[in-house]
Amino acid sequence: MEQTTGETSVLKTLGVSAEEKPKKSFFSSFFSTYKIPLFSLVLFGSFAMRALYPETFHFGFKRQKTYRFKSDSLGFFIGDISFFMNNSYDEAEARIVELFPPKIQKKVKKVIRPVLILCEKHQLDPFWVLSVMWTESHFKHEATSKKGARGLMQMMPQTYMETLAEMKEKGIFLESDRGEDYLRYQYGQSFYDMGYSPLVSKLRNLEVGIYYLKGLLEAFNNNHYYATVAYNMGPYWTKSQLKNNMPVGKNNHYLNKVLKAYYHITKTLSQNSNVTFIPRI
């Protein structure tokens, strides 16, 4: 091909002969040609890896290494809470599950992560919540009482709806409403075992129950004994008893069951920690 005068002049100025005109490298040419297919392949691969390994491959979600509870978050005992600081997420969950009788460990394993995450969110003693749950539903999500109480926390429908409305009014964003991608990442195998909708239902029932317990605790000046009785007998009955100097919790079968569960769960931990149990009322 003949060179024009202008082209020859430019090449001479640049010190490049016609045969040495700059050429695109093989990789530049390859990328320019296949840029869109390559991008699609990488994107598809990213989503595939996230679906297969949700706890390793994720977009925008980050989980802290340990559960964090304030020293005043614990219930029937006070003292050292290094258990949570010295154990990772998975280690803490596994160790707590092992504290339960073997015959119910499988059920506890299915709820332990939601319980710990939500108790940390609302800074409520997870051992207390687990004890109430053990007493109320024996960790059966589908449990329904003769009076109509439902779910893991066995809340009555009216109490549940009133508490849920209060949470929304106060702008408390529910864990169950954080979206499918977040739940898949945060709850891993539980998400796949139950599916999105059942997990949402369980989380909502659990969080509303935990929030209600927290409200009772605040209403009774952080007295876990009174709050436990109120969860079973109702806050109005409990306040009426206290107002009239009547006993609350004395020979109370429900409170005894919750305390028995609590001591069973925490007795091993208390042997290895600087823990002092609060005297029985």
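Accessible areas come from the Shrake-Rupley method with a 1.4 Å probe.

**Figure 1. Overall view of the predicted model.** The model shown is predicted. By that method, the protein exposes about 17,000 Å², and carbon and sulfur atoms supply 56% of this area. The chain has 281 residues, of which 42% count as buried. Its secondary structure consists of 13 helices and two strands. Of the contacts between residues at least 6 apart in sequence, 61% join residues at least 24 apart.

**Figure 2. Close-up of the salt-bridge network of Asp 90, Glu 93 and Arg 113.** These three residues are linked in a network of salt bridges. Asp 90 pairs with Arg 113, with 2.8 Å between the closest N and O atoms. Glu 93 lies in H4 and Arg 113 in H5, so the second pair ties together parts 20 residues apart in sequence. Asp 90 is partly exposed, at a relative accessible area of 47%. Arg 113 is buried, with a relative accessible area of 9%, and Glu 93 is likewise buried, with a value of 9%.

**Figure 3. Close-up of the buried face of helix H4.** The buried residues of H4 are Tyr 89, Ala 92, Glu 93, Ile 96 and Val 97. Viewed down the helix axis, they fall within an arc of 130°, so they line one face of H4. Packed against these buried residues are helix H3 (82-85), H5, helix H6 (126-136) and helix H8 (180-187). Glu 93, one of the buried residues of H4, also takes part in the salt-bridge network with Asp 90 and Arg 113.

**Figure 4. Close-up of the salt bridge between Arg 178 and Glu 175.** The closest N and O atoms of this pair are 3.9 Å apart, and the cut-off for a salt bridge is 4 Å. Arg 178 is partly exposed, with a relative accessible area of 42%. Glu 175 counts as buried, at 2% relative accessibility.

Figure 5. Val 248 is found in the loop between helix H12 (235-243) and helix H13 (253-271). Its relative accessible area is 8%, and the residue is buried; the cut-off for buried is under 20%. Val 248 and Ala 230 are separated by 18 residues in sequence and by 9.2 Å in space, C-alpha to C-alpha.

**Figure 6. Close-up of the largest pocket.** The space in this pocket is about 530 Å³. Its lining is made up of 22 residues. Nearest the centre of the pocket lie Ala 149, Gln 154, Met 156, Tyr 231 and Asn 232. H6, helix H11 (224-233) and H13 each supply at least two lining residues. The largest share of the lining, four residues, comes from H11. H6 is also among the helices against which the buried residues of H4 pack.

Notes: Residues numbered from 1 in each chain as written. Predicted model: local features only at pLDDT ≥ 70, side-chain atom pairs only at ≥ 80, totals over all residues. Heavy atoms only, no water. Buried < 20%, exposed > 50% of the residue type's maximum accessible area, 1.4 Å probe, protein only. Contact = heavy atoms within 4.5 Å. Salt bridge = Lys/Arg side-chain N within 4 Å of Asp/Glu carboxyl O. Arc of directions from axis to C-beta. 1 Å grid on protein atoms, 1.4 Å probe; cavity = no way out; pocket = protein on both sides within 12 Å on 5 of 7 lines; lining within 4 Å. Points joined across faces, edges and corners; volume = space filled by probe spheres on them.
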